[in-house]
Amino acid sequence: MQKRLELKFYGQVQGVGLRWKIQVKAKELALVGWVKNCPEGAVEAVVEGLDHKLQNFLSWCYNSGINIDLLETHLGEATNEFNDFNSALSKLINEASQSQ
């Protein structure tokens, strides 16, 4: 069954490659959604896919090697609004290149 996992990472999570690692792992597990930096220094992600793959992804998050002080999560029903997984930065770059 398709589910939606919303995550917010706190700690020293910006400038350490977390968004890139999340994007690579999500694509490896065939998950869709996005990840972005937040103004207050956190990193936020929304991930959708099969329940067992989301559980695998969440387990990986806790063992990612990044110094995460707190990880807030919320599991819900998938909205099926995504076709791929992107970081907010790569999404902006793609949109800018397509508009030229």
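So, K27 is partly exposed at 41% relative accessibility, where buried means under 20% relative accessible area, exposed over 50%, and partly exposed in between, with a 1.4 Å probe and protein chains only. Before I go on: this is a predicted model, so local features need pLDDT of at least 70 and side-chain atom pairs count only at pLDDT 80 or more, while totals for chains, interfaces and linings use all residues. Residues are numbered from 1 along each chain as its sequence is written, and side-chain values use heavy atoms, with hydrogens and water left out.

Back to K27. Its salt-bridge partner is D84, with the closest N and O atoms 4.0 Å apart. The pair ties together parts that are 57 residues apart in sequence, because D84 sits in the loop between β4 and β5 and K27 in helix α1. Helices here are DSSP runs of H or I with at least four residues, strands are E runs of at least two, and both are numbered from the N terminus. D84 is partly exposed too, at 38%. For a salt bridge, the rule is a side-chain nitrogen of Lys or Arg within 4 Å of a carboxyl oxygen of Asp or Glu.

How many salt bridges does that rule give? The count comes to eight.

Another one is E81 with R4, at 3.0 Å between the closest N and O atoms. E81 is in the loop between β4 (68-77) and β5 (85-87), and R4 is in strand β1 (residues 2-11), so this pair links parts 77 residues apart in sequence. R4 is buried, at 13%. There's also a network of salt bridges linking R4, E6, E48 and E81.

Now helix α1, residues 18-28, which is where you'll find K25. K25 pairs with E28 at 2.9 Å, N to O, and the two are three residues apart in the helix, about one helical turn. Buried or exposed, what are these two? K25 is buried at 14%, whereas E28 is exposed at 56%.

K25 also touches N56, F57 and W60, leaving out residues up to four places away in sequence; contact means heavy atoms within 4.5 Å.

Last, cysteines. C38 is buried at 6%, and C61 is buried at 1%. Searching the whole structure turns up zero disulfides, meaning pairs of cysteine sulfur atoms within 2.5 Å.
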